Amino acid sequence: PAHTRAPDPSSGTNASQDVRLLRGAFDVAEKAVEGLTVRADVLGNGRDAAFLGTYVEILSDMRFRERALELAGGGLGVPQALSRLAREVTRTAASISDPFLAERARDVEDLCDALVMLAAADKRAEMPTKAVLIGDGLSVFDLLITARSSPVAVALSERAVNPRTHTLLELLGVPAVTDVHGLYKWASDGDIALIDGDHGLLVLNPSKSEVAAVRQEKHEGKHRVLDGSA
């Protein structure tokens, strides 16, 4: 018969710490998702943000939580434990061929990534102040992790086709432009960006005169314009 290798006894202390950190990550994520749900209701788009209910269900699923804690307590470490858990959920969804379960599996994977960051306080999730977030898409992960660094604006490439994107941007509550073709060709870390969320305008490394002009317009209340580092 097959045997599972027992965890190294010397890893017991680390495993106990992993369980403690993961419990804390679950609590933080649960409160954050509940807060997003309330914000969606306040904004009047609770129906469009109904997908947040899936995250609430996952986080309140005691079997899911206990399995995550069991794997973390077995000496795998938080990242490996949650990665394994996500794979288990994905395999189950694939074996049943249910579209709902397949989408739920993607949400579980997104949530597991966020839990890893929350448990480890991963420095990779931190951004400089007044940062502009650029990417190919936006997910609940970004609202749970990236938003903690308070980006001042968002620019998304033409690859951002997730039907949830508009709702997620509203929940994030910062100026944004989408469908920016060739975004990664032109933008890189350390660039300065001006974003006009009302008119879909993105200016990279603007001149002093351009900065002065948009700030004057902002002062006059004509546009909602923010500047920051991309």
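**Exercise 1. Is Asp179 buried, partly exposed or exposed?**

Solution. This is a predicted model, in which local features need pLDDT of at least 70, side-chain atom pairs count only at pLDDT 80 or more, and totals for chains, interfaces and linings use all residues. Residues are numbered from 1 along each chain as its sequence is written, and side-chain values use heavy atoms, with hydrogens and water left out.

Step 1. Take the cut-offs: buried is under 20% relative accessible area, exposed is over 50%, and partly exposed is in between (1.4 Å probe, protein chains only).
Step 2. Asp179 has a relative accessible area of 46%, so Asp179 is partly exposed.
Step 3. Helices (H or I, at least four residues) and strands (E, at least two) are DSSP runs, numbered from the N terminus.
Step 4. Check the backbone. Phi of Asp179 is near 60°, a positive value in a residue other than glycine. Most residues other than glycine have a negative phi.

**Exercise 2. Describe how H3 packs on H4.**

Solution. Step 1. Two packed helices are described by the angle between their axes and the distance between the axes. Axes are lines fitted to C-alpha atoms, for helices over the stretch in contact, and angles run from 0 to 180 degrees between N-to-C directions.
Step 1. For H3 and H4 the angle is about 135° and the axes are 8 Å apart. That angle makes H3 oblique to H4. The classes are roughly parallel under 35 degrees, roughly antiparallel over 145, roughly perpendicular from 65 to 115, and oblique for the rest.
Step 2. List the contact. Phe64, Arg67, Ala68, Leu71, Ala72 and Leu76 in H3 meet Val78, Gln80, Ala81, Leu82, Arg84, Leu85 and Glu88 in H4.
Step 3. Sort by class: 9 nonpolar, 1 polar and 3 charged residues. Ala, Val, Leu, Ile, Met, Phe, Trp, Tyr, Cys and Pro count as nonpolar, Asp, Glu, Lys and Arg as charged, and the others, Gly among them, as polar.

**Exercise 3. Which residues touch the most other members of the largest nonpolar core?**

Solution. Step 1. A nonpolar core is a set of buried Ala, Val, Leu, Ile, Met, Phe, Trp, Tyr and Cys residues joined through side-chain atoms within 4.5 Å.
Step 1. The largest has 48 residues, and Leu22, Leu82, Leu115, Leu144 and Val154 touch the most other members.
Step 2. H5 gives the largest share of this core, 9 residues.
Step 3. Apart from this core lies another, of 10 residues, including Val132 and Leu183.

Key: Contact = heavy atoms within 4.5 Å.
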